[in-house]
Amino acid sequence: MKKFWKWKNQTVTNQETQEQTLERTLFLNGTIAEESWFDDDVTPKLFRDELFAGNGDITIWINSPGGDCVAAAQIYNMMMEYPGNVTVKIDGIAASAASVIAMAGTKVLVSPVSMLMIHNPMTAAMGDTTEMQKAIAMLDEVKESIINAYEIKTGMSRAKLSHLMDAETWMDAHTAIDMGFADEILTRPAETPVENNATGPMLFSRAAVTNSLMDKLAAKCRIKKPETPERSVDTLMERLDLIKQHI
């Protein structure tokens, strides 16, 4: 069994109250269960034991193209059962089965460059027409169960969700939020603001750059700027009277 999940626990101290809390983070990367959980009793129990080994709120980072729908359904149910808040953060892709897990989040945040994809479940089957009909009926039921998760999160009609799955719908961050699959876009932490030193509407001024360069060269070569001769007020008035005489 290859684990596709990883936990990271760290103690965080509140600077105001000095209260220490355990911050739990779960990373889901790659394919969700390369081997199906259909007849697997060990792997789901291991995941559940690790999930409920601690308490408090948890954060789940998802970057997965999907995988086993049975595993995704069990993880979704475990997350929905978990007593603390579950914040899902999609930093790459949450496609197929991974999108089902994302729906278990108390809050779903998406990176501005992430993608979310939903489509119809798939399987491989062999046999006669009876076996093929059984496979089709099974896929129909699996699809209905997946729609349940999407419907709870988005509030969208089952017919609309079914059409979106039929079309294999890809959503960027804004579309996912508009359609109700996500709540917010991931932004920079408030404690690390981005400084903006622009002094005007233009971020680049060729004249300003040229003048700055010339000043630096002049200072380095010790070139003095030509002094502009000063003129008295009387001199300026005399020239003004001279100009008036020729008008």
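Q: Which backbone oxygen does the side chain of Thr154 reach?
A: The side chain of Thr154 reaches the backbone oxygen of Tyr150, at 2.8 Å. Keep in mind that this is a predicted model.

Q: And which backbone nitrogen does that side chain of Thr154 reach?
A: That of Met156, where the distance is 3.1 Å.

Q: Where is Thr154 placed?
A: Thr154 belongs to helix H4.

Q: Is Thr154 buried or exposed?
A: Thr154 is buried, because its relative accessible area is 18% and the cut-off for buried is under 20%.

Q: What does Thr154 touch, leaving out residues up to four places away in sequence?
A: With those left out, Thr154 touches Leu161, Met179, Gly180 and Phe181.

Q: Ok, helices now. At what angle do the axes of H4 and H5 cross?
A: At roughly 115 degrees. H4 covers residues 129-154 and H5 covers residues 158-166, and their axes come within 10 Å.

Q: Is that crossing of H4 and H5 left-handed or right-handed?
A: The crossing of H4 and H5 is right-handed.

Q: Which residues make the contact?
A: From H4 there are Lys143, Glu144, Ile146, Ile147, Asn148, Tyr150, Glu151 and Thr154. From H5 there are Arg158, Leu161, Ser162, Met165 and Asp166. Thr154, where we started, is therefore part of this contact, as is Leu161, given that contact means heavy atoms within 4.5 Å.

Q: How many of the residues in the contact of H4 with H5 are nonpolar, polar and charged?
A: That contact has 5 nonpolar, 3 polar and 5 charged residues.

Q: What is the relative accessible area of Glu168?
A: The value is 39%, so Glu168 counts as partly exposed.

Q: Which loop holds Ser96?
A: Ser96 is in the loop between strand E4 (86-95) and helix H3 (97-102). Its phi is near 55 degrees, which is also a positive value in a residue other than glycine.

Q: Is Ser96 buried or exposed?
A: Ser96 counts as buried, because its relative accessibility is 17%.

Q: Switching topic. Where is Leu116?
A: Leu116 is in strand E6, residues 115-118. At 1% relative accessibility, Leu116 is buried.

Q: What does Leu116 touch, again without residues up to four places away in sequence?
A: Leu116 touches Ile90, Ala94, Ser99, Met103, Thr169, Trp170, Met171 and Phe181. Phe181 was also on the list for Thr154.

Q: What separates the C-alpha atoms of Leu116 and Trp170?
A: They are separated by 5.9 Å, while the two residues are 54 residues apart along the chain.

Q: And Lys2, where does that lie?
A: Lys2 lies in the segment before strand E1 (5-13). Lys2 counts as exposed, because its relative accessibility is 60%.

Q: Last one, the whole protein. How many helices and strands?
A: There are 8 helices and 8 strands. The protein has 247 residues, and 32% of them count as buried.

Technical notes. Residues numbered from 1 in each chain as written. Predicted model: local features only at pLDDT ≥ 70, side-chain atom pairs only at ≥ 80, totals over all residues. Heavy atoms only, no water. Axes fitted to C-alpha atoms, helices over the stretch in contact; angles between N-to-C directions. Helix = DSSP H or I, 4+ residues; strand = E, 2+ residues; numbered from the N terminus. Left-handed = near helix turned anticlockwise from the far one by under 90°. Nonpolar A, V, L, I, M, F, W, Y, C, P; charged D, E, K, R; others polar. Buried < 20%, exposed > 50% of the residue type's maximum accessible area, 1.4 Å probe, protein only. Polar contact = N/O pair within 3.5 Å; in protein donor to acceptor, adjacent residues only side chain to side chain.
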